[in-house]
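Thanks for passing this one along. Here are my notes, in numbered points, to read beside the model.

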Amino acid sequence: MLVCVVLLLVTLCAQGGNGEDIQRPGHVSVVIVGGTGDLAKKYLWQGFFQLYVNHVSSGNTFSFYAGGLSPPEKANPVFFEILKAVTCPKDVSQEHCALLKEQFLRLSAYRQLKTLEEYQDLSKHIEVRLQQEGLTEAGRLVYLSVPAFAYADIAEKINSSLRPADGAWLRVVLEKPFGHDFRSAQVLASQLESSLKDQEMYRIDHYLGKQVVAKILPFRMENKKSLDPIWNKHHIERVEIVLKETLDVKGRIPFYDQYGVIRDVLQNHLTEVMTLLTMRLPMNLSSIEEVLQNKLQILDSLLPIGKNQAVIGQYQAYKTQVQQELNMTKDHFSITPTFAAVLAHIDEAQYDGVPILLISGKMLDERVGYARILFKNDIFCLQNHNSIHCKPKQIVFHFGHGSLQYPAILVSKNLFKPVLKDSDWKEVTEHKDISVLGLPVSDYYVHTPVEQREAYSELISHIFAGRKDNFISSENLLASWEMWTPLLSSIATTFPRIYPGGAENGDLLDVHLKGKEISYHSKVVMISNNPMADMAADGFQVLQGKFRGTEMVSAWAEELVERLATDLQEAAEEAVREGGVFHLALSGGSSPLALFHRLALHHFTFPWRDTHVWMVDERCVPITEHQSNFRNLHDHLLQHVRIPYYNIHPMPVQVSQRLCVEEDGGAVLYERDIKKLVNGSSFHFVLLGVGFDAHTASLFPGSKIDQHGESLVALTESLTKPHQRMSLTFSAINRARRVALLAMGKSKHEMITQLSRVKDNPEKWPVTGVKPSGGRLVWYLDYDALLG
């Protein structure tokens, strides 16, 4: 029989993130699905025992259930061994601890939870016990310590059978991973929302429960006066967020080999720390909404992260471990990374040019986690090089372990003396003879928590109180995946650098930053006996040939964009050498976006000051709207490069506060500008895309192309919204010195196949009308578009 300890009737007032919910005392049922698993054994039951100890006199009563797939006779011995291992806080006497553990044991039970009926039986069991004990139900806390693929099914069972009666709360805790890319996270979020309300879901990232991580925003707020003048690009040299581990992933291979280090650590833990360090400080730290919006703003401001912003590695023994645990043959190999270093940049004036390094790996030289803000030091010591003024200026948020061994916030003494108003923190004045990131610990002001608390225990107490400020929202999650998914796609076939592990790694994993790119510092030649590796390397060659009788360049998407960007820069430099100016006309649509990113991130010597940018076509919408081609061009390229504003020529689709009205003469105005500024109205380079219906620019099948005559600019009609467009005509396009036609993706394969067979017919296949009279036409087709 379930024994419920009757406690003092003291009201527990636990406010939610906005201070709007009052939690009344009553009976709380805790269910850990996956309650005998590794995570539950290591952290969860200890966390819930800590919760029980903290609230044993709060007016609440509890019952605890471990749910699992095994039958009770098999699981019970394992479960009670786990419970016997929980420990009391240091301030609890041995006698009192023994009593608390005995009570906790009697309040806990194992339940098989496999079918809907078993969930229904548990709910009935809880209701019967409540009636027998005469208790009011406060709520039910269900912790899903199971693989993410089971979430949707379990959430449905909880919704249909385990919900408490009206007036009691339901809180469902979800462990990472929350999907493996943007699309899967989106699908999972949608599935969960069909069963659970947003306020009922607690997506847990245990890093947010670490005391130092939770202290980042309060520290920045408390030291605002000292930090505001230096928390910017003029003073910050770089930001490092590092999690080093000495262990391998033996025993976790079936999970780890699907996810790898980026999904396991960088996409969640390190990204969260990065947002806390760089987000705009909220007016009110307790406002969940404001904190979330400021985090989202940072994620939205990150420059795209691709193959050139990451290096990956894999420890040497991983291959053998994969073969053993996945029961694979000796010739099986995996390219899952166990180490990654990623370089990020924030596209905001405050952090312009500041490198942000996110690094994590298994089998490294030490176990340590930290975030370091390294500041520029403009003092030069002529004689006393050991003077504190010449040492590194830095703030270190030390999560734990390492040489220091305890969590702490360290501020170098040549920076400022920090203020910590929280009585839960204390200053450390007696130091061991150790160094932290290049400085003796005595050269820092060091603050540490008065009482060290485990992250899961902290977060469990927040869940119980209904506080959501240290949990991941759906918007936050999707924004993070949107940032990481392109990188994961770009390195999906990349072979990681093999490293031996531990101290033997030496300088093998040291990285070199050059502009906005990252690479390994030491160049090593890896000899592979794997034929797949050679095939992969050969597969990335850029091929040249013919398509429709003219030049064609083909490669995988990333290499194709690199080649196009290089060709474009060469054309620009040649035009500037010859005539001092380069006239470039760019298309709208999604095809050129990867090129825009490439130019912004890698082509720092592009002659933008001598370049005039024109539009090939434009939708008839205000240029401030997201549908505008110019808005896309501005957001993805122009705002990232140093180009004079008077060299930028958006199409005048809005004249006299009207959109694309023929009598307003917008097309005539644009043509007049072209004739005035472009020698012979001949652009040096025109970039065109190809639509699914073979349209190019905004020249669509069935358009009366002949009616454009010698006009350079015309108003056209599209079958899709917005219908009205403004476009360069074939007369303008075919005067160009060079025209590039870009088509990428499997969705373009059918159209490219058709074009390879048809004759010129611009009325039906507008792109066949692109025939530069005195210039050069080159097709840029990625392998997906060309080969399908």
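1. A word on terms to begin with: helices (H or I, at least four residues) and strands (E, at least two) are DSSP runs, numbered from the N terminus. By that count the protein chain has 22 helices and 33 strands. This is a predicted model, in which local features need pLDDT of at least 70 and side-chain atom pairs count only at pLDDT 80 or more, while totals for chains, interfaces and linings use all residues. Residues are numbered from 1 along each chain as its sequence is written, and side-chain values use heavy atoms, with hydrogens and water left out.

2. On overall dimensions, the radius of gyration is taken over C-alpha atoms, and the globule rule is 2.2 Å times the number of residues to the power 0.38. For 788 residues a compact globule would come out near 28 Å, and the 31 Å of the protein chain agrees with that. Along the principal axes, the C-alpha atoms fill a box of roughly 95 × 75 × 65 Å.

3. Next, burial and surface. Buried means under 20% relative accessible area, exposed over 50%, and partly exposed in between (1.4 Å probe, protein chains only). On this scale 55% of the 788 residues of the protein chain count as buried. The chain exposes about 36100 Å² (Shrake-Rupley method, 1.4 Å probe), and carbon and sulfur atoms supply 51% of that area.

4. What share of the contacts joins residues at least 24 apart? Taking contact as heavy atoms within 4.5 Å, and looking at contacts between residues at least 6 apart in sequence, the share is 76%.

5. The sheet deserves a look in your viewer. Two strands pair if DSSP finds at least two bridges between them. An open sheet is formed by 10 strands in the order S14-S17-S13-S12-S11-S7-S10-S9-S8-S18, with mixed pairing. Strand S14 (425-428) and strand S18 (497-499) are its edge strands, each pairing on one side only. Neighbouring strands of this sheet are turned by 15° against each other on average, direction ignored; the axes behind this angle are lines fitted to C-alpha atoms, for helices over the stretch in contact, and angles run from 0 to 180 degrees between N-to-C directions.

6. Within that sheet, strand S11 (residues 368-375) and strand S12 (residues 393-401) pair in the antiparallel sense over 8 bridges.

7. How many disulfides does the structure hold? With a disulfide taken as a pair of cysteine sulfur atoms within 2.5 Å, the structure holds 3. Numbering the bonded cysteines in sequence order gives the pairing 1-2, 3-4, 5-6.

8. Cys-88 and Cys-97 form a disulfide with their sulfur atoms 2.1 Å apart. This link is right-handed, with 90° about the S-S bond, and both Cys-88 and Cys-97 are buried.

9. In the disulfide of Cys-381 and Cys-390 the sulfur atoms are 1.9 Å apart. The torsion about the S-S bond is about 115°, so this disulfide is right-handed. Cys-381 counts as buried because its relative accessibility is 11%, whereas Cys-390, at 26%, counts as partly exposed.

10. Cys-620 is joined to Cys-660 by a disulfide (S to S 1.9 Å). The pair links distant parts of the chain, 40 residues apart: Cys-620 lies in the loop between strand S25 (617-619) and helix H18 (629-636), and Cys-660 in the loop between strand S28 (658-659) and helix H19 (666-677). Its torsion of about -85° about the S-S bond is why this disulfide is left-handed. Both Cys-620 and Cys-660 are buried.
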